[in-house]
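Hi everyone, thanks for making time.

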Amino acid sequence: MIGRKKLKEEYISIPEAKELLLKRREEGLEENPEEPIFYEARVSIEHAERFSKLPAEKAKELREKLTGLFEWLDGRIATKIVDIMPEDYFDIRVIFAKEEHMPTKEEAERILEILEEYRE
């Protein structure tokens, strides 16, 4: 894109993306009630509504809790865990399959305990 630069890069979960898209749609309704957002944004909202498993505030809180608990867990993987909400050790192993660090059984169990606190 000409004349634009990246100000910052941050991983966000599906619920957070849904919140941002809905906010943008509301702003767009004020500007242009007939076509508030582009087609791609509408499809993204539908996807987020279908696959979002937590409210945005809880998702952000959970991601911060996970990254604070384990120093080897970065924001990218924590966001994936929040999006997928794995239910057992094997699901966690799939998420970490191509990563440098594979959590031990005890670490994975601790992650699952934390996820259970946030499940709806």
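**A walk through the helices**

Let's begin with E40, which sits in helix α2; helices here are DSSP runs of H or I with at least four residues, strands are E runs of at least two, and both are numbered from the N terminus. E40 counts as exposed, at 54% relative accessibility. For these labels, buried means under 20% relative accessible area, exposed means over 50%, and partly exposed is in between, using a 1.4 Å probe and protein chains only. From E40 to R50 you go 10 residues along the chain, and their C-alpha atoms are separated by 15 Å.

Quick housekeeping. This is a predicted model, so local features need pLDDT of at least 70 and side-chain atom pairs count only at pLDDT 80 or more, while totals for chains, interfaces and linings use all residues. Residues are numbered from 1 along each chain as its sequence is written, and side-chain values use heavy atoms, with hydrogens and water left out.

Okay, on to helix pairs. Two packed helices are described by the angle between their axes and the distance between the axes. The axes are lines fitted to C-alpha atoms, for helices over the stretch in contact, and the angles run from 0 to 180 degrees between N-to-C directions.

Take α1, residues 14-31, and α2, residues 39-51: their axes come within 9 Å and cross at roughly 140°. That makes α1 oblique to α2. The cut-offs are under 35 degrees for roughly parallel, over 145 for roughly antiparallel, 65 to 115 for roughly perpendicular, and oblique for the rest. The crossing of α1 and α2 is left-handed, meaning that the near helix is turned anticlockwise from the far one by less than a right angle; clockwise would be right-handed.

Who touches whom? On the α1 side we have I14, K18, L21, L22 and R25, and they meet A41, S44, I45, H47, A48, E49 and F51 in α2. Contact means heavy atoms within 4.5 Å. The residues of this α1 and α2 contact divide into seven nonpolar, two polar and three charged. Here Ala, Val, Leu, Ile, Met, Phe, Trp, Tyr, Cys and Pro count as nonpolar, Asp, Glu, Lys and Arg as charged, and the others, Gly among them, as polar.

In the loop between α1 and α2 you'll find F38. Is F38 buried or exposed? F38 is exposed, with a relative accessible area of 67%.

Now α1 has another partner. The axes of α1 and α3 come within 8 Å and cross at roughly 140°, and this crossing is left-handed too. P15, E16 and E19 of α1 make the contact with A56, E57, A59, K60 and R63 of α3. By class, that contact of α1 with α3 has three nonpolar, no polar and five charged residues.

Next, α3 and α4. They pack at an angle of about 130°, with their axes 9 Å apart, and their crossing is right-handed. From α3 the contact uses A59, L62, R63, L66 and T67, and from α4 it uses G75, A78, T79, I81 and V82. This contact of α3 with α4 has six nonpolar, three polar and one charged residues.

That brings us to the largest nonpolar core, which has 21 residues, and L62, L66, L73 and I81 touch the most other members. A nonpolar core is a set of buried Ala, Val, Leu, Ile, Met, Phe, Trp, Tyr and Cys residues joined through side-chain atoms within 4.5 Å. At least two residues of this core come from each of α3 (56-69), α4 (75-84), α5 (89-95) and α6 (105-118). Which helix gives the most? α6 does, with six residues.

Most residues other than glycine have a negative phi, and most peptide bonds are trans. M85 has a positive phi of about 50° although it is not a glycine. M85 is also buried, with a relative accessible area of 5%.

Last stop, Y89 in helix α5. Y89 is buried at a relative accessible area of 13%. Y89 and A108 are 19 residues apart in sequence, but 6.1 Å apart in space, C-alpha to C-alpha. Thanks, that's me done!
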